[in-house]
Amino acid sequence: LRILADPDADLEDQVRADETFHRILMEACGNPMFEVLTGVMMRYTYESRKLTLGHYGAAHALRMHEAIYRAVKAKQPAKARQEMLKHLTTA
């Protein structure tokens, strides 16, 4: 999350940080099939992430990631789902 907050980070670093956040979240689910399916999808989403971050900016992604993280950390699955759906709708 820190790279998304860094105003000096370039777009490539921001995209990699975004991918890392999503990969960690996916792994935290503990569902191996989900990891396989989303892992395949992530290979093809690089350009989409680049366009989204370029358009909305990293600060927007950071706010959404923080909301998801807070809900997961607080063990609030309904809230985490709500925040993730909001994030995916924006993206």
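This is a predicted model: local features need pLDDT of at least 70, side-chain atom pairs count only at pLDDT 80 or more; totals for chains, interfaces and linings use all residues.
Where does Lys75 sit? I found Lys75 in the loop between α5 and α6. Its phi is positive, about 60°, although Lys75 is not a glycine.

Next I went back to the helix that Lys75 follows, α5. Helix α5 covers residues 58–73, which makes 16 residues. I checked its span from first C-alpha to last: it reaches 22 Å, close to the 22 Å expected at 1.5 Å a residue.

Which residues of α5 are buried? I noted Ala58, Ala61, Leu62, Met64, His65, Ala67, Ile68 and Ala71. A reminder to myself on spacing: an α-helix has 3.6 residues a turn, so residues three or four places apart point the same way.

I found a nonpolar patch of about 550 Å², made by Met33, Val36, Leu37, Val40 and Tyr44. One of these, Val36, lies in helix α3, residues 32–42.

Last, the confidence. The chain averages a pLDDT of 86, and 97% of the residues score at least 70. Which helix has the lowest confidence, and which the highest? Confidence is lowest in helix α1 (residues 2–5), at a mean of 70, and highest in helix α6 (residues 77–90), at 92.

How values were computed
Residues are numbered from 1 along each chain as its sequence is written. Side-chain values use heavy atoms; hydrogens and water are left out. Helices (H or I, at least four residues) and strands (E, at least two) are DSSP runs, numbered from the N terminus. The expected span of a helix is 1.5 Å times one less than its number of residues. Buried means under 20% relative accessible area, exposed over 50%, partly exposed in between (1.4 Å probe, protein chains only). pLDDT is the predictor's confidence in each residue, from 0 to 100. Patches are made of residues with over 30% relative accessible area and no salt bridge: like charges are joined within 9 Å, nonpolar side chains (Val, Leu, Ile, Met, Phe, Trp, Tyr) within 5 Å. Accessible areas come from the Shrake-Rupley method with a 1.4 Å probe; for residues, only the protein chains shown count as cover. A salt bridge is a side-chain nitrogen of Lys or Arg within 4 Å of a carboxyl oxygen of Asp or Glu.
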